[in-house]
Amino acid sequence: MSFAPGDASKGAGLFKTRCAQCHTVGKGEPHKVGPNLNGVFDRKTGQAENFSYTAANVNKGIIWTEQTLFEYLENPKKYIPGTKMAFAGLKKEKDRNDLITYLKESCA
């Protein structure tokens, strides 16, 4: 399984219903329960400025790319054991592709 470009408009809908209660994407927007995702691509885990992460997230030490987000979003607690992210994940590859495509357009 690997990332493939998806439908950003469908990803926007997924973000609104599944992510926006905990995350923002706009540059300069505040953190919520989860960090603002602006600039997440090519950033190491646990590095958003002024956000308090678990040690598990900081110590994972991977760089967020389309592929690492694709793997993470399937089952966040399995990918980073000890994360405080309470999201169960997106099991459908298409949903993850759509969401990541939206994030690429919104968080660059």
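Colleague: Let's start with leucine 103: buried or exposed?

Modeller: Quick note before that: this is a predicted model. Leucine 103 is buried, because its relative accessible area is 5%. You'll find leucine 103 in helix 5.

Colleague: And how far is the C-alpha of leucine 103 from that of glycine 39?

Modeller: The two C-alpha atoms are separated by 9.6 Å, while leucine 103 and glycine 39 sit 64 residues apart along the chain.

Colleague: What about leucine 14, where is that?

Modeller: Leucine 14 is in helix 1. With a relative accessible area of 14%, leucine 14 is buried.

Colleague: Switching topic: how many salt bridges does the structure hold?

Modeller: It holds three. As a general idea, side chains of opposite charge can pair when their charged atoms come close.

Colleague: OK, which residue does glutamate 66 meet in a salt bridge?

Modeller: Lysine 104, with 3.4 Å from N to O. That pair links distant parts of the chain, since glutamate 66 is in helix 3 and lysine 104 is in helix 5, 38 residues apart.

Colleague: How accessible are those two, glutamate 66 and lysine 104?

Modeller: Glutamate 66 counts as partly exposed, at 25% relative accessibility. Lysine 104 is partly exposed too, with a relative accessible area of 33%.

Colleague: What does glutamate 74 form a salt bridge with?

Modeller: With arginine 96, where the closest N and O atoms are 3.8 Å apart. Glutamate 74 lies in helix 3 and arginine 96 in helix 5, so this pair ties together parts that are 22 residues apart in sequence.

Colleague: Is arginine 96 buried or exposed?

Modeller: Arginine 96 counts as buried, because its relative accessibility is 0%. Glutamate 74, at 26% relative accessibility, counts as partly exposed.

Colleague: And what about the salt bridge with aspartate 98, how far is it from N to O?

Modeller: That one is 2.8 Å, between the side chains of aspartate 98 and lysine 94. The two residues are four apart in helix 5, so about one helical turn separates them.

Colleague: How accessible are aspartate 98 and lysine 94?

Modeller: Aspartate 98 counts as buried at 3% relative accessibility. Lysine 94 comes out at 45%, so it counts as partly exposed.

Colleague: Now the rings. How many aromatic pairs are there in the whole structure?

Modeller: A search of the whole structure finds five. Ring pairs also link Trp64, Tyr72 and Tyr79 into a cluster.

Colleague: What sits over the ring of tyrosine 79?

Modeller: The charged end of lysine 60, at 4.5 Å from the ring centre. There's also lysine 104, the partner of glutamate 66 in a salt bridge. Lysine 104 lies over the face of phenylalanine 41, 4.7 Å from the ring centre.

Colleague: Let's do pockets. How much space lies in the largest pocket?

Modeller: About 550 Å³. Its lining has 31 residues, and the ones nearest the centre are His23, Pro35, Leu37, Tyr72 and Met85.

Colleague: What's the lining of the largest pocket like by class?

Modeller: There are 18 nonpolar, nine polar and four charged residues.

Colleague: Last topic, the backbone. What is phi for aspartate 42?

Modeller: About 70 degrees, a positive value, although aspartate 42 is not a glycine. For background, most residues other than glycine have a negative phi.

Colleague: Where is aspartate 42 found?

Modeller: In the loop between helix 1 and helix 2 (55–60). Aspartate 42 is exposed, with a relative accessible area of 61%.

Colleague: And what about phi of asparagine 50?

Modeller: Phi is near 60 degrees there, a positive value in a residue other than glycine. Asparagine 50 is in the loop between helix 1 and helix 2. Its relative accessible area is 73%, so asparagine 50 is exposed.

Technical notes. Residues numbered from 1 in each chain as written. Predicted model: local features only at pLDDT ≥ 70, side-chain atom pairs only at ≥ 80, totals over all residues. Heavy atoms only, no water. 1 Å grid on protein atoms, 1.4 Å probe; cavity = no way out; pocket = protein on both sides within 12 Å on 5 of 7 lines; lining within 4 Å. Points joined across faces, edges and corners; volume = space filled by probe spheres on them. Nonpolar A, V, L, I, M, F, W, Y, C, P; charged D, E, K, R; others polar. Salt bridge = Lys/Arg side-chain N within 4 Å of Asp/Glu carboxyl O. Buried < 20%, exposed > 50% of the residue type's maximum accessible area, 1.4 Å probe, protein only. Phe/Tyr/Trp six-rings, centres within 6.5 Å; stacked < 30°, edge-to-face > 60°. Lys NZ or Arg CZ within 6 Å of the ring centre and 35° of its normal.
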